[in-house]
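Colleague: I am new to this structure and would like to learn how to read it. Could you take me through it one feature at a time?

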Amino acid sequence: MHDGRFESDFPNYIYNMQTPLLQIDQLVLDFVSDGKVSNALKNINISVSKGEILAIVGESGSGKSISSLSILQLLPSPPAIYRSGKILFTPGSDTVDLLQQSPAAMQKIRGNRIAMIFQEPMTSLNPVFTCGFQVVEAIRQHQPVSEAEAKEKTLHLFRQTQLPDPERMFSSYPHQLSGGQKQRVMIAMAMSCEPDLLICDEPTTALDVTVQKSILQLIRDLQKETQMGVIFITHDLSVVADLADTVAVMYQGELVEKNTAEALFRHPQHPYTKALLACRPLLHKKGDRLPVVADFMVTTGTATDIPFPSLQTGPVTQEFTAIKNTSAQKKEVLVSVQNLKVYFPGGKSFFGKTRQYTKAVDDVSFELYTGETLGLVGESGCGKTTLGRSLLRLVEKTSGRILYKGLDLGEVAPATLRSLRKEMQLIFQDPYSSLNPRIQVGDAIAEPMLVQGLYANQKERSQKVRELLDKVGLLPEHYHRYPHEFSGGQRQRIVIARALALSPSLIICDESVSALDVSVQAQILNLLNDLKKEFGFTAVFISHDLSVVRYISDRILVMNKGRIEESGEAEDLFMNPQSAYTQRLISSIPGNSRLRYAQ
């Protein structure tokens with residue numbers, strides 16, 4: 001790829017001979033800070049035509065989001081400096097270079113001719129205004145219509161995006177909507193001015209697989225209906241497997257591969273593309289070590305000798321080898337949950353009495369065996385996180401019993417419970433928010449030891465911290481750094497080290513890999529498997545992603561509306577789900593139709 005073009009490198013790619021709707025041509029972008037220059041984009045060439053869905057795929061730091069923000073001139077200059085290149089936009093007969101447009105001209109283009117849907121709708125929507133008001137405002141900003149006409153169009157868009165009870169949604173505030181509903185409001189807002197180009201920046205990352213599937217289908221339906229161009233940005237190739245017409249793969253600011261979706265998934269060319277495809281847990285049996293990007297990349301940047309299995313389309317038909325859980329066979333019970341209920345008070349009467357309750361956990365019973373990994377899966381709001389936290393008494397139960405090593409946690413004295421705390425640890429979903437930004441990570445890992453009175457002095461605790469940092473793949477010198485100096489995957493390793501600091505018997509992982517890039521996710525899953533073998537702890541792995549839970553778990557509990565919908569051995573449940581709800585979860589796993597190994 002000497003000239004940054006792809007005609008010679010990828011001859012099988014079918015190019016649209018018409019003038020592209022948007023063309024990024026030889027774009028070079030640097031960030032300048034404190035006299036240091038960082039090359040963020042290197043001779044990028046990307047185009048999308050009217051009626052085409054282009055997926056830009058890459059991990060954090062690959063440059064995919066920077067490319068999309070450049071289209072709308074949303075990067076402050078400085079520190080962003082465009083060294084060369086053009087971004088040509090041709091919605092009609094005229095072509096404009098977006099990099100040369102004035103702020104006033106860009107104001108007319110943003111939200112009108114080019115719209116954008118961001119990753120986190122809660123931070124994109126203003127919490128003090130109703131959802132309907134915000135969409136009406138966007139319409140009236142660009143179109144000469146009355147408030148009544150804008151409201152009618154907003155309600156039509158809410159119906160078009162399949163929001164339940166559009167009138168109620170119009171008057172609701174963002175916090176009153178679910179994650180999927182908020183994202184549909186953002187889609188309605190983006191579509192309100194009938195844009196020529198829609199940019200979707202990780203719009204489904206934080207959503208359940210079933211909600212994610214519905215959002216992807218909605219974007220596809222709207223694109224077909226309006227024939228707009230779509231740029232879909234994601235870190236997960238599987239998300240766009242059934243959505244995109246064309247896929248561009250970015251790595252460290254470079255465009256390393258571009259092809260039709262069908263050709264790219266069948267015959268990936270670049271080692272990095274192969275790595276992104278290969279590291280997904282869906283493609284591997286339980287116990288197999290997940291490949292990571294480093295396994296495919298070599299220092300020269302040329303093709304790797306590591307073989308990559310072929311891929312095929314079609315439904316899931318592969319038979320997996322059943323792996324029996326030896327710990328479960330021993331029937332050595334570590335935790336026994338009996339008729340557990342956790343209710344949260346809802347509305348109250350005029351006299352202050354609670355009239356209704358939210359049944360977060362509703363009469364749940366199960367046993368957790370020593371040494372096993374129990375997967376807990378379900379959609380947002382099903383009660384899985386509440387159940388996990390109630391096991392540690394971080395959420396108090398309404399009724400029922402939780403027995404840990406035969407002790408009823410609801411009946412033990414406070415001093416006994418504090419002593420048991422060191423045996424039960426929790427790894428949170430967002431490591432950054434669970435680490436104090438003002439405390440060095442070494443001190444954060446050592447803090448539980450200090451609270452529990454472990455080791456004779458600070459020197460011994462520091463030595464233990466350095467050993468733990470080494471166990472999780474970090475360096476001893478990382479002890480004195482702060483959380484903001486680490487990547488997301490490194491921060492997750494830090495909180496795992498902190499959880500291991502007290503040598504616990506039970507660790508609960510609450511969505512601990514859901515926010516990570518797929519290759520970083522593979523690293524963390526490999527790390528958890530390695531640490532489990534070495535330390536022998538028992539784990540509850542909570543996630544909305546059944547493919548991840550199936551890979552790492554011995555048994556799986558599927559939760560729905562506070563109850564256990566289905567349970568069983570991981571492979572058996574994944575390959576032969578009995579419940580319609582579980583079947584729907586599995587069918588919603590992105591990329592099932594393309595990302596399968598050939599027999």
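Modeller: A nonpolar core is a set of buried Ala, Val, Leu, Ile, Met, Phe, Trp, Tyr and Cys residues joined through side-chain atoms within 4.5 Å, and buried means under 20% relative accessible area, with exposed over 50% and partly exposed in between (1.4 Å probe, protein chains only).

The model is predicted, so local features need pLDDT of at least 70 and side-chain atom pairs 80 or more, while totals for chains, interfaces and linings use all residues. Residues are numbered from 1 along each chain as its sequence is written, and side-chain values use heavy atoms, leaving out hydrogens and water.

Colleague: How many disulfides does the structure hold?

Modeller: A disulfide is a pair of cysteine sulfur atoms within 2.5 Å, and the structure holds zero of them. Cys193 counts as buried because its relative accessibility is 6%, and Cys279 counts as buried at 0%.

Colleague: Is Ser399 buried or partly exposed?

Modeller: Ser399, found in strand E15 (residues 399-404), counts as partly exposed because its relative accessibility is 28%.

Colleague: Which residues does Ser399 touch?

Modeller: Contact means heavy atoms within 4.5 Å; leaving aside residues up to four places away in sequence, Ser399 touches Asn339, Leu340 and Lys341.

Technical notes:
Helices (H or I, at least four residues) and strands (E, at least two) are DSSP runs, numbered from the N terminus.
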